[in-house]
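Please read the numbered points with the model open alongside.

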Amino acid sequence: MKRLFALVFALLCLTSCASMLEREATYTATHVENPPSSLADTYRVNTYAGLCSSLRSYVEEGKTEGNLRFPATYPGNLTVDLEKAKRQMMEEEPLGCYALSDITFHINRIIAYYEVTAAFDYRIPPAEYMALETVESAEALSEKMETALRDLGSGFTVLLDVPGEDSAEECVASALELAYGRCVDAVSRPELELTLYPKTARRAVAKVKLTYSESTTVLRLRQRNMCQAAERLARELAALDEEGLYEAVMARWQLDPAGASGGDAALLGGAANREGLDRGFALVRQYWTEYQTEENEERGDAP
């Protein structure tokens with residue numbers, strides 16, 4: 001009897017154990033509310049300001065696509081804020097206003113957050129606008145303008161932080177006048193056309209266009225002839241002091257109030273208005289100064 005009871009008990013244990021082994025096991029793990037994305041260019045956005053900052057960063061980096069992750073508790077209407085941020089990026093931000101043609105969004109709800117894919121369409125290649133020089137002072141802008149004038153360039157584009165209290169238009173116009181005054185070998189003052197992105201801002205992409213009344217080929221030829229004439233005159237009058245130089249040069253030219261304002265009018269035509277005479281003399285004096293320096297070095301009494 002005992003053996004029978006032991007056998008029945010053993011069978012019951014085996015059946016119970018087999019039943020336990022066949023049951024499904026349940027595992028628990030901590031739920032991650034907002035797991036980090038595997039994409040390197042994903043921004044977590046919690047506010048509207050953060051949204052604008054993220055879009056700006058994508059454009060500054062020249063991205064064609066970016067990912068934005070918003071918590072389900074984002075304070076605001078996500079669709080409305082995306083469109084608002086798009087308008088701000090394309091109408092108020094310099095690079096966005098200058099380079100973007102559109103931004104489109106695709107919204108996807110993933111349990112506890114929204115994942116938004118932003119696609120950027122550009123009308124200016126990112127490599128081009130990312131290479132823009134930032135100009136923050138009147139002197140730097142004048143130097144940029146001076147280089148364009150000396151090369152008879154058609155213009156340039158910069159990211160401009162307008163210095164002082166002047167408007168961007170006043171700042172660029174002043175830079176042109178200052179640069180033209182320094183370039184005494186320039187034979188023509190170009191017409192200035194300025195386009196700003198955005199139009200009324202202290203910080204903007206400034207597209208400067210310079211238009212000349214004659215072709216660059218004609219201007220370069222006249223410039224070469226003018227410089228050669230100035231150099232010959234300076235060499236001829238090299239023995240004079242500066243006061244004597246001015247008197248001797250002006251004695252050869254005629255003041256014509258209705259004449260041209262370029263130094264070439266005086267040096268090649270012998271007559272110009274007051275500005276033309278002054279510019280012509282400034283170029284002669286420039287070569288004359290070089291001769292004085294060379295002579296001093298040859299005598300060994302240069303400073």
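1. Arg274 forms a salt bridge with Asp278, with the closest N and O atoms 3.7 Å apart; a salt bridge here is a side-chain nitrogen of Lys or Arg within 4 Å of a carboxyl oxygen of Asp or Glu. Because the two residues are four apart in helix α11 (residues 274-299), about one helical turn separates Asp278 from Arg274. Asp278 is likewise partly exposed, at 37% relative accessibility.

2. The model is a predicted one, in which local features need pLDDT of at least 70 and side-chain atom pairs count only at pLDDT 80 or more, while totals for chains, interfaces and linings use all residues. Residues are numbered from 1 along each chain as its sequence is written, and side-chain values use heavy atoms, with hydrogens and water left out. Helices (H or I, at least four residues) and strands (E, at least two) are DSSP runs, numbered from the N terminus.

3. How many salt bridges does a search of the whole structure find? The search finds 17. Salt bridges with shared partners join Glu139, Glu146, Arg150, Arg182 and Asp185 into one network. Arg150 is partly exposed at 36% relative accessibility, whereas Glu146 is buried at 15%.

4. A further salt bridge is formed by the side chains of Arg222 and Asp264 (2.6 Å, N to O). Arg222 lies in helix α8 (residues 216-236) and Asp264 in helix α10 (residues 263-269), so this pair ties together parts that are 42 residues apart in sequence. Asp264 counts as buried, with 10% relative accessibility.

5. Helix α10 also holds Leu267. Is Leu267 buried or exposed? At 13% relative accessibility, Leu267 counts as buried. The C-alpha atoms of Leu267 and Leu283 are separated by 9.4 Å, and these residues are 16 apart along the chain.

6. The strand pairing deserves attention; two strands pair if DSSP finds at least two bridges between them. Strand β8 (residues 203-211) runs antiparallel to β6, and seven bridges join the two. One of the residue pairs between them is Asp161 with Arg203 of β8. Strand β7 (residues 191-197) is also antiparallel to β8, again with seven bridges, and here Glu193 has Lys209 of β8 as its bridge partner. A hairpin of five residues joins β7 to β8.

7. Strand β7 contains Leu192, which is partly exposed at 31% relative accessibility. The C-alpha atoms of Leu192 and Thr211 are 6.7 Å apart, although 19 residues separate the two along the chain. Between β7 and β8, the loop includes Pro198. The peptide bond from Tyr197 to Pro198 is cis, with omega near -10 degrees.

8. Ile111 has a positive phi, near 50 degrees, and lies in the loop between β3 (100-110) and β4 (113-122). Leu152 has a positive phi near 55 degrees and is placed in the loop between α6 and β6. Ile111 is exposed, with a relative accessible area of 69%, whereas Leu152 is buried at 9% relative accessibility.

9. Which residues gather in a patch of negative charge on the surface? They are Glu165, Asp166, Glu169 and Glu170. Patches are made of residues with over 30% relative accessible area and no salt bridge, like charges being joined within 9 Å and nonpolar side chains (Val, Leu, Ile, Met, Phe, Trp, Tyr) within 5 Å. Asp and Glu count as negative, Lys and Arg as positive, and His and the chain ends are not counted. Glu165 is located in the loop between β6 (155-161) and α7 (168-182), and its 79% relative accessibility makes Glu165 count as exposed.

How values were computed. Accessible areas come from the Shrake-Rupley method with a 1.4 Å probe; for residues, only the protein chains shown count as cover. The place of a charge is taken as NZ of Lys, CZ of Arg, CG of Asp or CD of Glu. Buried means under 20% relative accessible area, exposed over 50%, partly exposed in between (1.4 Å probe, protein chains only).
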